[in-house]
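Hello,

Here is the structure we spoke about, with its sequence. Please have a look at it first; my notes follow below.

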Amino acid sequence: MLTCPRCGYAQQETMPTDACQFFYECCNCKALLRPNPGDCCVFCSFGSVKCPPIQAQRGCCG
């Protein structure tokens, strides 16, 4: 689940398992989301769970 920090809209999305997703457009307000500083992808910044590499404690997209 990704939640837009601008409008608060939450959308169920499929998380890629083999790549980071650097950009995401909110379906509600059309804001273009980018990862927060220190995060590797939008799922780590705005998702209900971190991306698979971070969950596995392998680091991400290195």
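**What was found**

Gln12 sits in the loop that joins strand 2 (10-11) to strand 3. Gln12 counts as exposed, because its relative accessible area is 56% and the cut-off for exposed is over 50%. Between Gln12 and Ala56 there are 44 positions in sequence, and their C-alpha atoms are 22 Å apart in space. Please keep in mind that this is a predicted model.

**Overall layout**

The protein has four strands and two helices. Read from the N terminus, the order of the elements is β-β-β-β-α-α. The C-alpha trace spans about 35 × 20 × 15 Å along the principal axes. For 62 residues, a compact globule would have a radius of gyration near 11 Å, and the protein has 11 Å, so the two agree.

Of the 62 residues, 29% are buried. The accessible surface comes to about 4000 Å², and carbon and sulfur atoms account for 50% of that surface. Among contacts with a separation of 6 or more, 28% are between residues 24 or more positions apart. As for charge, there are 5 positive and 4 negative side chains, and the centres of these two sets lie 5 Å apart.

**The core**

The largest nonpolar core is made of 15 residues. Leu2, Leu33, Cys40, Cys41, Val42, Phe43 and Cys51 are the ones with the most contacts inside this core. Helix 1 (residues 42-46) supplies the largest share of the core, namely four residues.

What does Val42 touch, leaving out residues up to four places away in sequence? The list for Val42 is Leu2, Gln21, Phe22, Phe23, Tyr24, Leu33, Arg34, Pro35 and Gly47.

Leu33 belongs to strand 4 (residues 32-33). Leu33 counts as buried because its relative accessibility is 6%, where the cut-off for buried is under 20%. Apart from neighbours within four places in sequence, Leu33 is in contact with Cys4, Pro5, Phe22, Phe23, Tyr24, Val42 and Phe46. One of these contacts is Phe23; Leu33 and Phe23 are 10 residues apart along the chain, and their C-alpha atoms are separated by 5.6 Å.

**Two loop residues**

Pro35 is found in the loop between strand 4 and helix 1. Is Pro35 buried, exposed or partly exposed? With a relative accessibility of 22%, Pro35 counts as partly exposed, because that class lies between the cut-offs of 20% and 50%. Beyond residues up to four places away in sequence, Pro35 touches Phe22, Cys40, Cys41, Val42 and Ser45. Cys40, Cys41 and Val42 were already named among the core residues with the most contacts. Pro35 and Thr17 are 18 residues apart in sequence, and the C-alpha to C-alpha distance between them is 17 Å.

Lys30 lies in the loop between strand 3 (24-25) and strand 4. Lys30 is not a glycine, yet its phi is positive, at about 70°. The relative accessibility of Lys30 is 52%, so Lys30 counts as exposed.

Regards

How values were computed. Residues numbered from 1 in each chain as written. Predicted model: local features only at pLDDT ≥ 70, side-chain atom pairs only at ≥ 80, totals over all residues. Heavy atoms only, no water. Rg over C-alpha atoms; globule rule 2.2 N^0.38 Å. Buried < 20%, exposed > 50% of the residue type's maximum accessible area, 1.4 Å probe, protein only. Contact = heavy atoms within 4.5 Å. Areas by Shrake-Rupley, 256 points an atom, 1.4 Å probe, with all protein chains shown as cover. Lys, Arg positive; Asp, Glu negative; His and termini not counted. Charge placed at Lys NZ, Arg CZ, Asp CG, Glu CD. Core = buried A, V, L, I, M, F, W, Y, C linked by side-chain atoms within 4.5 Å.
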